[in-house]
Amino acid sequence: MNPATRASTYRLILFLVILAVLLLSIIISLYLHQIGEERTCSGVVIIDGDTFRDQEGNRVRLLGIDAPEKGEPFYRQASEKLTSLITKEPLLLKSGSRAYDRYGRILAFVYIETLLVNASLLEEGLARTYFFPEEFEDQELVEYLCAAQRRARAASRGIWSLPPPPAADRYFGNESSYRFHRPDCPSLKNADTLEFLRLLTRDEFLDRCFSPCRNCKP
Ligand SMILES: [Zn+2]
């Protein structure tokens, strides 16, 4: 290969490398844009108080809350409340750190103009806070949702009007998962109890927006 040909081959390789880097950075920025995505949609089918199906058939799960399941008190009221809210369209969906959960559901904060639907359900006592720390890290939003739940509890609205489960002598709360447990809960057996907060009452855990464990139902 003569020097002129070699030089032009190097230039071609350099050009291709730059092109590849550019394409890769465009793909990465598109991907990052998709996380923290905003979209509008219309809700059509309510599945329960925290999940609905949009017009395109996507299931949308409201972030940061858990509404009563079928058969539990206030299931119907929570579903009706969500229905009455999301028929006011259009809805703006904002995702957190993860756009989808492992069931393929869109995880979202659902807004109608400035109204955050997720917080409205908490405000009425028709859902409780339910945080997965990996789903969103916005502490201001955590506090906003928690404040709505505190007001509902103070006013004994919805699920907070129900009698509490029998008291345990103490509870264990996991700060990294925002869950709290009875002392005999099987989930505590394999856990390093050092990472657990003790000495808090049920009310204190609820004030901090820890969610009761679904197994031991503290
Ligand atoms: Zn438990």
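Two residues are in contact if their C-beta atoms, placed from the backbone, lie within 7 Å. By that rule A108 touches V60, L62, L63, L93, K94 and S95, not counting residues up to four places away in sequence. This is a predicted model. The protein has five helices and 13 strands.

**Overall picture**

- Of the 218 residues of the protein, 31% count as buried.
- Among contacts with a separation of 6 or more, 67% are between residues 24 or more positions apart.

**Confidence**

- The average pLDDT is 86, and 89% of the residues score at least 70.
- Helix 3 has the highest confidence, at 97.
- Strand 12 (residues 196-197) has the lowest, at a mean of 64.
- Where pLDDT is low, the predicted coordinates should not be read in detail.

**Nonpolar cores**

- The largest nonpolar core has 33 residues.
- A108, V110, L121 and L122 have the most contacts inside this core.
- Several elements give two or more residues to this core: strand 4 (59-62), helix 2 (75-86), strand 6 (91-94), strand 7, helix 3 (117-123) and helix 4 (139-154).
- Strand 7 supplies the largest share of this core, five residues.
- Another core, of nine residues, lies apart from it; Y171, F172, C209 and F210 are among its members.

- Strand 7 covers residues 106-112.
- Five of its seven residues are buried, so strand 7 is largely enclosed by the rest of the structure.
- Strand 4 runs parallel to strand 7, joined to it by three bridges. V60 has I106 of strand 7 as its bridge partner.
- Strand 6 runs antiparallel to strand 7, again with three bridges. Here L93 stands opposite V110 in strand 7.
- Strand 8 pairs with strand 7 in the antiparallel sense over two bridges. L116 in strand 8 is the bridge partner of Y111.
- In a regular strand the side chains alternate between the two faces of the sheet.

**Helix 2**

- Helix 2 has twelve residues, which should span 16 Å at 1.5 Å a residue. Its end C-alpha atoms are 17 Å apart, which agrees.
- A78, S79, K81, L82 and I86 are buried in helix 2.
- These residues cover an arc of only 160° around the axis, which puts them on the same side of helix 2.

- E113 has a positive phi of about 55° although it is not a glycine.
- E113 sits in the loop between strand 7 (106-112) and strand 8 (115-116). The two strands form a hairpin with two residues between them, and E113 is in the turn.
- E113 counts as exposed because it has 8 C-beta neighbours inside 10 Å, and the cut-off for exposed is 12 or fewer.
- K217 is another residue other than glycine with a positive phi, near 40°.
- K217 lies in the segment after strand 13 (211-212).
- With 11 C-beta neighbours inside 10 Å, K217 counts as exposed.

How values were computed:
Residues numbered from 1 in each chain as written. Predicted model: local features only at pLDDT ≥ 70, side-chain atom pairs only at ≥ 80, totals over all residues. Helix = DSSP H or I, 4+ residues; strand = E, 2+ residues; numbered from the N terminus. Buried ≥ 20, exposed ≤ 12 C-beta atoms within 10 Å, placed from the backbone. Core = buried A, V, L, I, M, F, W, Y, C linked by C-beta atoms within 7 Å. pLDDT = per-residue confidence, 0-100. Expected span 1.5 Å × (residues − 1). Arc of directions from axis to C-beta. Pairing = 2+ DSSP bridges.
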